[in-house]
Amino acid sequence: MSDLVIETTGLRKEFRSLRGELRVAVQGLDLAVPSGGGVHGFLGPNGSGKTTTIRMLLGLARPTRGTMRLFGQPVPAQLPQVIGRVGAVVESPKFSPNFSGRRNLQLLAGAIGAPTASVDAALETVKLTGREKDRYKSYSLGMKQRLAIAATLLKTPDLLILDEPTNGLDPAGIREIRETIRDLGASGVTVLLSSHILAEVQQVCTSATIIGNGKLLASGTVDELLGSGTAYRVVVPEPTAAADVLTRAGLAPSHVDGVLHVEAQRPAEITQILGESGIWLTELTPLRADLEAYFLQLTEAEELGHDTHDTTGAIA
Ligand SMILES: Nc1ncnc2c1ncn2[C@@H]1O[C@H](COP(=O)(O)OP(=O)(O)OP(=O)(O)O)[C@@H](O)[C@H]1O
């Protein structure tokens, strides 16, 4: 039994333009999203292939090549077996503008055979309680987006796929959606959150996959992604002794006012080397401030190396 909710191997999608040109939206993508709840970021610049990947996973587009699994089941072949466990907001859902948010959800619940109680529970989860009796057309964009998420919750999904859910929202709307997504992830639902906004992934996600030009660039927990190959500020009681130990282990640090700056793949490398010599850290801080530098570094490298005839991505 696979412990991955989403798994793609060598996934590829080609489009042919009206002029007959080949456009490769997704190029051999291996995506692995672990089960067990939490929010997994699917991060990439505009046009990097996120929506196309999601559409293929949901059976809305056919892959050119590659395999996909949801809950260990091959899709699209077994999609009918697993789709009941998946909620998705890919494009704006069609709600009746003159009905209230609650009435819209009641109709939907009736159509899919969900219990009436699930409507109020879903409204509460997305914090629309209090506004649920207002007409849909009076809702702000953020409220409409939260109602769309509520609609997916009626069938209590194990996996929720949200494609750029904060697009077009004002700062208050963005904050509310992010809180809702974080709460859902914490409640045990696995959420795939596609985004081109680095700060969003950093704030909301526990793990992430970064893509550029339809290709995998990096994947891991947000901490791992931040900690990968970075420089650290290391404070120890005896910096000279610590510098000797680190130098002997191949991580020659530089001294800055009694503080060491050390390049390492992972922070654990530094703690282990020093700990084994009986040197205990007072402080260990990544010097790179956020995911942004890492993301730009990855996507710029990809942009420089990519074949312009074969890809269509651009740096956001
Ligand atoms: N139906 C289609 N026909 C032709 N090209 C397409 C089609 N759908 C997507 N593409 C192209 O594939 C590439 C990837 O698009 P996609 O929408 O998957 O990217 P994205 O990462 O979701 O971008 P965004 O953040 O802008 O939504 C783009 O260059 C897009 O123009």
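Mentor: Start with Pro-76, which sits in the loop between β5 (73–75) and α2 (79–82). Keep in mind that this is a predicted model.

Trainee: What makes the peptide bond from Val-75 to Pro-76 cis?

Mentor: Look at omega: for the bond joining Val-75 to Pro-76 it is near 10°, and the bond is cis. Most peptide bonds are trans.

Trainee: Okay, next one. Why is Lys-127 called partly exposed?

Mentor: Count its neighbours. A residue is buried with 20 or more other C-beta atoms within 10 Å, exposed with 12 or fewer, and partly exposed in between. Lys-127 has 15, so it counts as partly exposed. You'll find Lys-127 in the loop between α4 (117–125) and α5 (141–153).

Trainee: What is the phi of Lys-127?

Mentor: It's near 60°, a positive value in a residue other than glycine. Most residues other than glycine have a negative phi.

Trainee: And how do you know whether Glu-164 is buried or partly exposed?

Mentor: Glu-164 has 19 other C-beta atoms within 10 Å, and buried takes 20 or more. So Glu-164 is partly exposed. Its phi is positive too, near 45°, and its place is the loop between β7 (159–163) and α6 (171–186).

Trainee: What makes helix α1 (residues 50–57) largely enclosed?

Mentor: Six of its eight residues are buried, so the rest of the structure largely encloses α1. Among those buried residues are Lys-50, Ile-54 and Leu-57. After α1 comes Gly-59, with a positive phi near 75°.

Trainee: How much of the whole protein counts as buried?

Mentor: 37% of the 316 residues. The protein has eleven helices and 14 strands.

Trainee: Let's do strands. How do you know that β9 (residues 207–212) and β10 (residues 215–221) pair?

Mentor: Two strands pair if there are at least two bridges between them. β9 and β10 have six, in the antiparallel sense, so by that cut-off they pair. For one spot to look at, Gly-212 is opposite Lys-215 in β10. The hairpin of β9 and β10 has two residues between the strands, and Asn-213 there takes a positive phi near 50°.

Trainee: Which strands make up the open sheet, and in what order?

Mentor: Four of them, in the order β12-β13-β11-β14, with antiparallel pairing.

Trainee: Why are β12 (254–256) and β14 (283–286) called edge strands?

Mentor: Each of them pairs on one side only. From one strand to the next, the twist averages 30°.

Note on methods:
Residues numbered from 1 in each chain as written. Predicted model: local features only at pLDDT ≥ 70, side-chain atom pairs only at ≥ 80, totals over all residues. Helix = DSSP H or I, 4+ residues; strand = E, 2+ residues; numbered from the N terminus. Axes fitted to C-alpha atoms, helices over the stretch in contact; angles between N-to-C directions.
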